[in-house]
Amino acid sequence: MQHIRANVISNREIADGYYELEFILPDTAQAPLPGQFLTVRVTDANVPLLRRPFAFSSWDEPTRRAAIIYQKRGSATAILTGAGEGDELDLLSPLGNSFPDPGVTDDGSQRRPVLLAGGIGMGPMFYLAEDLSRRGHRPLLAVGARSASLLPEISGYSSVETIIATDDGSYPGGYAGNVVAALEAFAAADGSPGTYELYACGPEVMMKAAWDWAQMRDLPCWVSMEQTMGCAVGACMGCVVQVHDDRQYARVCAEGPVFPGGYIKWH
Ligand SMILES: Cc1cc2nc3c(=O)[nH]c(=O)nc-3n(C[C@H](O)[C@H](O)[C@H](O)COP(=O)(O)OP(=O)(O)OC[C@H]3O[C@@H](n4cnc5c(N)ncnc54)[C@H](O)[C@@H]3O)c2cc1C
Ligand code: FES
């Protein structure tokens with residue numbers, strides 16, 4: 001983890017209430033891995049006091065261009081929407097662990113990474129899809145939202161095979177229903193769902209559904225948890241989740257944010 005300053009190159013609304021913030025990481029900054037996050041101090045004033053966590057949505061080593069996709073929610077993200085080209089970001093980065101590579105099945109076949117993204121979980125899944133495909137994997141990206149207006153133009157963010165689900169069926173050509181139901185429909189028509197390895201980031205209810213789906217089929221499943229954070233560096237216990245472990249709790253910022261789905265005590 002490093003304390004760095006990064007220059008904003010753009011900050012634009014890409015869907016209703018969703019923004020993409022692009023910036024250049026200095027040469028001395030460590031490269032972020034898919035699943036890792038940063039925290040940003042959005043103001044020099046005392047309010048809001050706490051840094052806010054956001055997952056990396058892309059990273060390009062040669063140009064050192066990085067990005068996050070964030071939803072405008074409260075005071076900090078409202079301030080962040082005002083950042084513009086040339087502004088300096090005060091960051092702690094990179095934080096947390098990262099998504100593991102897909103493994104192999106019992107008969108030695110390479111597993112197919114299946115990425116489920118919902119809402120603010122889009123960013124880390126776009127980066128994971130981009131990274132896996134760059135390294136020769138064949139990811140499937142499944143993106144879910146309540147409505148089409150909450151989705152960016154996906155082809156601008158991912159060139160991998162993608163299925164899109166909206167609760168209200170408003171995305172043309174997409175699936176009407178939730179993203180796990182869309183995956184179920186895709187898998188029913190696919191020849192090799194037994195090779196899937198799931199990666200999920202989004203609302204907890206969606207990640208639990210992804211874990212249930214994977215568990216029923218005996219597939220590996222990784223989830224990226226999003227808890228409200230205090231310090232974001234492992235010191236305050238403000239971000240714990242209940243886990244199946246003697247310690248009972250794990251810190252999302254330090255041991256996570258990525259965990260095996262079966263390690264989380266879902267509520
Ligand atoms: C590891 C990690 C990665 C994250 N990545 C992203 C990302 O890529 N894009 C993105 O838009 N957001 C992401 N978040 C959530 C983001 O940090 C919060 O949305 C942000 O801190 C809200 O700040 P605010 O001051 O605008 O809103 P606040 O006033 O702090 O909160 C506004 C509303 O959002 C809820 N909220 C705040 N923080 C969280 C949280 N962590 N999870 C769920 N609900 C929350 C609050 O309960 C409240 O209802 C991530 C969080 C974590 C822990
Ligand atoms: S936010 Fe302080 S320990 Fe995780």
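Author: Start with burial: buried means under 20% relative accessible area, exposed over 50%, partly exposed in between (1.4 Å probe, protein chains only). Here buried residues make up 51% of the 267 residues in the protein. This is a predicted model: local features need pLDDT of at least 70, side-chain atom pairs count only at pLDDT 80 or more, and totals for chains, interfaces and linings use all residues. Residues are numbered from 1 along each chain as its sequence is written, chains are lettered from A and ligands numbered from 1 in the order in which they are written, and side-chain values use heavy atoms, without hydrogens and water.

Reader: What share of the contacts with a separation of 6 or more joins residues 24 or more positions apart?

Author: Contact means heavy atoms within 4.5 Å. In this protein, that share is 59%.

Reader: Now a single residue. Is Arg112 buried or exposed?

Author: Arg112 is buried, because its relative accessibility is 6%. Arg112 sits in strand 7, residues 112-118. Strands (E, at least two residues) are DSSP runs, numbered from the N terminus.

Reader: Which backbone oxygens lie by polar atoms of the Arg112 side chain?

Author: A polar contact is a pair of N or O atoms within 3.5 Å; within protein, one must be able to donate a hydrogen and the other to accept it, and residues adjacent in sequence count only if both atoms are side-chain atoms. For Arg112, the oxygen of Arg138 is 2.7 Å away, and that of Pro139 is 3.5 Å away.

Reader: Which residues does Arg112 touch, leaving out those up to four places away in sequence?

Author: Among them are Leu140, Glu161, Phe186 and Tyr196.

How values were computed:
Helix = DSSP H or I, 4+ residues; strand = E, 2+ residues; numbered from the N terminus.
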